[in-house]
Amino acid sequence: MTTLSPAKQAAFEKVTGLWIAIPTPFTADGAVDEPALKSAVEYYIEGLGVDGIFCGGIMGEFWALTLEERFLVHQLVVDAASGRVPIMPHIGHHVYADSAALSRHAEQIGADFVIALNPYFPIRPSDDLVRNWYRRLAGESSVPLFLFNTAYSGYSISPELIDELADLDTVCGIKNPKPAEQVAALHARVGDRIVVCDAAEEQWLGLHLDHGFQALMSTPALAMFQTPERKPIVDYTRAADEGRLDEAWEIHASLEGEREAFEKWMRQPWLAQGSGAIPIAQLKTWLELMGLPQGPVRPPLVPLSDREREELAADLDRLGLLDSI
């Protein structure tokens, strides 16, 4: 049996259950809203019972933050969590020196893990470039590193290259938002060395039960679909873990309305041909309408129109989520 590195052991022990991807709240004048972020972290942990927090990622508008603001966001989240759940700051960037600095900063503030999306460039990079990028980044600190194999960067990392990177001691996991069969195949290939995760709530129960996936990594759906009084994702996960499979699938099926709204407001704007919209305004407005304000988005994003806001409010009202917090 292969002996796992400390980073890999930590991931198999700590990256379990339901991890949330969180937005970055801003004040009306566009600054990071420190009190709102601290309050939101408290809500995610104590109100929703999340098992871990992914911060400063795509949903956190990392690409619109200065390096100093990214340091601040990561520090605030780690401090607010105060060791109650593990924290995974996102450190990916097109400037290698900034990613390296974010990795070292994460070590200084006591973050449990870091995660970095595929490095993005004007053209699709070669496997050699991506390999060298991650090899260097994995050595910048001792904090366990997750890969984030997202096509947001313009390409995806091949299973063959992921297999190579999984041998690095500090690389301990991957968030791999792909169709279920592709994620399961990658899990079968490298799941003995690194924690393989998917971000789609609708795929989580099947991957958990049929393939032994240990974590949903990571989605804002945990806050968008749930309240402290009604936590169906927590409930069906617990039911599955306790062997109550019929109940788990019944609860899972009850979320079809929420998933349809998620598809409409979060996925379709992103996937619409010629749009390429990043649905942060939709996410922040959704949470605000539930009672968890996150402030405005940063340029070049724009807020929802009055008509869109009214339509989203009507959808949430039908689901019983309007002003539900």
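This is a predicted model: local features need pLDDT of at least 70, side-chain atom pairs count only at pLDDT 80 or more; totals for chains, interfaces and linings use all residues.
**Notebook: loops, sheets and cysteines**

**Entry 1: a proline pair.** I started with proline 300, which sits in the loop between α13 (280-290) and α14 (306-318). The peptide bond joining proline 299 and proline 300 is cis, with omega at about 10°. I reminded myself that most peptide bonds are trans.

**Entry 2: another cis bond.** Where else did I find one? Methionine 217 and serine 218 are also joined by a cis peptide bond, and omega there is about -20°. Serine 218 belongs to the loop between β8 (215-216) and α9 (221-224).

**Entry 3: the whole thing.** I stepped back and looked up the overall numbers. The protein has 14 helices and 8 strands. Its C-alpha trace spans about 50 × 50 × 40 Å along the principal axes. For 325 residues, a compact globule would have a radius of gyration near 20 Å, and the protein's 19 Å agrees with that. I also noted that 57% of the 325 residues count as buried. Then I checked contacts between residues at least 6 apart in sequence: 72% of them join residues at least 24 apart.

**Entry 4: the open sheet.** In what order do the strands of the open sheet run? I read β4-β5-β6-β7, 4 strands with parallel pairing. The edge strands are β4 (114-117) and β7 (195-197); each has a single partner, so one side of each has no neighbour in the sheet. On average, neighbouring strands here are turned by 20° against each other, ignoring direction.

I zoomed in on one pair. Strand β5 (residues 145-148) pairs with β6 (residues 171-175) in the parallel sense, over 4 bridges. Leucine 145 has valine 171 in β6 as its bridge partner.

Next I looked at the helices on this sheet. Helix α5 (residues 127-138) lies across β4, β5 and β6, and it runs at about 155° to β5. Helix α7 (residues 180-190) packs on the sheet too, touching β6 and β7, and its direction makes about 180° with that of β7.

Entry 5: Isoleucine 20 stands opposite isoleucine 53 in β2. In β2 (residues 52-55), Gly52 and Phe54 point one way while Ile53 and Cys55 point the other way, yet all are buried.

Entry 6: Which residues of helix α11 (residues 245-253) are buried? I listed Ala248, Ile251 and His252. They cover an arc of only 105° around the axis, so they are on the same side of α11. On the other side, Asp246 and Glu250 are exposed.

**Entry 7: an aspartate under cover.** I looked up aspartate 163, in helix α6 (residues 159-165). Its relative accessible area is 19%, and the cut-off for buried is under 20%, so aspartate 163 counts as buried. What does aspartate 163 touch, leaving aside its neighbours within four places in sequence? The contacts are Arg189, Val190 and Arg193.

**Entry 8: positive phi.** Glutamate 61 has a positive phi of about 55°, and its place is in the loop between β2 and α3 (67-81). Serine 82 has phi near 50° and lies in the loop between α3 and β3 (87-89). Which is buried and which is exposed? Glutamate 61 is buried, with a relative accessible area of 0%, whereas serine 82 counts as exposed at 57%.

Methods: Residues are numbered from 1 along each chain as its sequence is written. Side-chain values use heavy atoms; hydrogens and water are left out. Two strands pair if DSSP finds at least two bridges between them. Helices (H or I, at least four residues) and strands (E, at least two) are DSSP runs, numbered from the N terminus. Axes are lines fitted to C-alpha atoms, for helices over the stretch in contact, and angles run from 0 to 180 degrees between N-to-C directions. Contact means heavy atoms within 4.5 Å. Buried means under 20% relative accessible area, exposed over 50%, partly exposed in between (1.4 Å probe, protein chains only). The arc is that of the directions from the helix axis to the C-beta atoms. The radius of gyration is taken over C-alpha atoms; the globule rule is 2.2 Å times the number of residues to the power 0.38.
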